[in-house]
Amino acid sequence: MKKYRVDKLDRKMMVEEPEVIYQRLRPAVSNHTTLAFKALDGVPATIFDDVVGLFGHHDYLAEVVELNPKTIHKYQAQQIKFSPAKSELMLKLVALYRKGVDTFGQRESFLNWLSKPAFGIDNRTPLHLIKTSDGIDLISEELDRIQQGDTA
């Protein structure tokens with residue numbers, strides 16, 4: 001049964017392209033105020049599948065929200081919202097996705113950059129920093145520097 005759920009999830013993500021996912025979620029991350037209010041209200045746990053559709057890394061993202069995949073599936077089935085803190089992480093990742101793709105020009109380049117040590121963030125791997133809101137902010141600031149040509 002568990003394998004079926006993963007297969008069903010994978011098929012959903014293969015059908016909906018990352019750009020379609022982002023466009024659907026864009027209003028929730030259009031500015032800091034909207035993002036903060038949406039996070040306070042909590043977002044449906046289904047956003048987890050959307051963020052996985054953008055970034056991949058299903059199991060790692062489950063670690064990020066500090067829930068096991070079975071619990072996430074239960075939340076989704078019961079239409080439970082994430083807490084404000086988990087909601088904020090998910091929404092900030094959606095915003096980070098857009099900034100990263102805009103910075104690197106394509107999704108694959110951005111995802112590749114996320115998985116390698118970055119000089120501007122103490123040679124840490126950006127993907128490892130997404131577990132906290134401040135970590136996501138550090139990545140966003142590094143993307144700003146890259147956009148401005150400041151790589152040293």
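**Close-up views of a predicted helical model**

**View 1. Helices α4 and α7 cross at roughly 30°.** In this predicted model, helix α4 covers residues 47-55 and helix α7 covers residues 84-104. Their axes come within 10 Å. Angles under 35 degrees count as roughly parallel, so α4 is roughly parallel to α7. The crossing of α4 past α7 is left-handed. Two packed helices are described by the angle between their axes and by the distance between those axes.

**View 2. Nonpolar residues form the contact of α4 with α7.** On the α4 side, the residues are I47, F48, V51, L54 and F55. They meet M90, L91, L93, V94 and Y97 of α7. The residues of this contact divide into ten nonpolar, no polar and no charged. An α-helix has 3.6 residues a turn, so residues three or four places apart point the same way.

**View 3. Helix α4 is mostly covered.** Nine of the nine residues of α4 are buried. Among them are I47, F48, V51, L54 and F55, which also take part in the contact with α7. D49, D50, V52 and G53 are buried as well. After α4 comes G56, which has a positive phi, near 75°.

**View 4. S140 lies in helix α9.** Helix α9 consists of residues 133-147. Is S140 buried or exposed? S140 has a relative accessible area of 18%, and buried means under 20%, so S140 is buried. The side chains of S140 and K99 are joined by a polar contact of 2.7 Å. Leaving aside residues up to four places away in sequence, S140 touches L96 and K99.

View 5. From the N terminus on, its elements run α-α-α-α-α-α-α-α-α. The protein chain has 152 residues, and buried residues make up 42% of them. Which share of the contacts between residues at least 6 apart in sequence joins residues at least 24 apart? In the protein chain, that share is 68%.

Technical notes
Residues numbered from 1 in each chain as written. Predicted model: local features only at pLDDT ≥ 70, side-chain atom pairs only at ≥ 80, totals over all residues. Heavy atoms only, no water. Axes fitted to C-alpha atoms, helices over the stretch in contact; angles between N-to-C directions. Helix = DSSP H or I, 4+ residues; strand = E, 2+ residues; numbered from the N terminus. Parallel < 35°, antiparallel > 145°, perpendicular 65-115°, else oblique. Left-handed = near helix turned anticlockwise from the far one by under 90°. Contact = heavy atoms within 4.5 Å. Nonpolar A, V, L, I, M, F, W, Y, C, P; charged D, E, K, R; others polar. Buried < 20%, exposed > 50% of the residue type's maximum accessible area, 1.4 Å probe, protein only. Polar contact = N/O pair within 3.5 Å; in protein donor to acceptor, adjacent residues only side chain to side chain.
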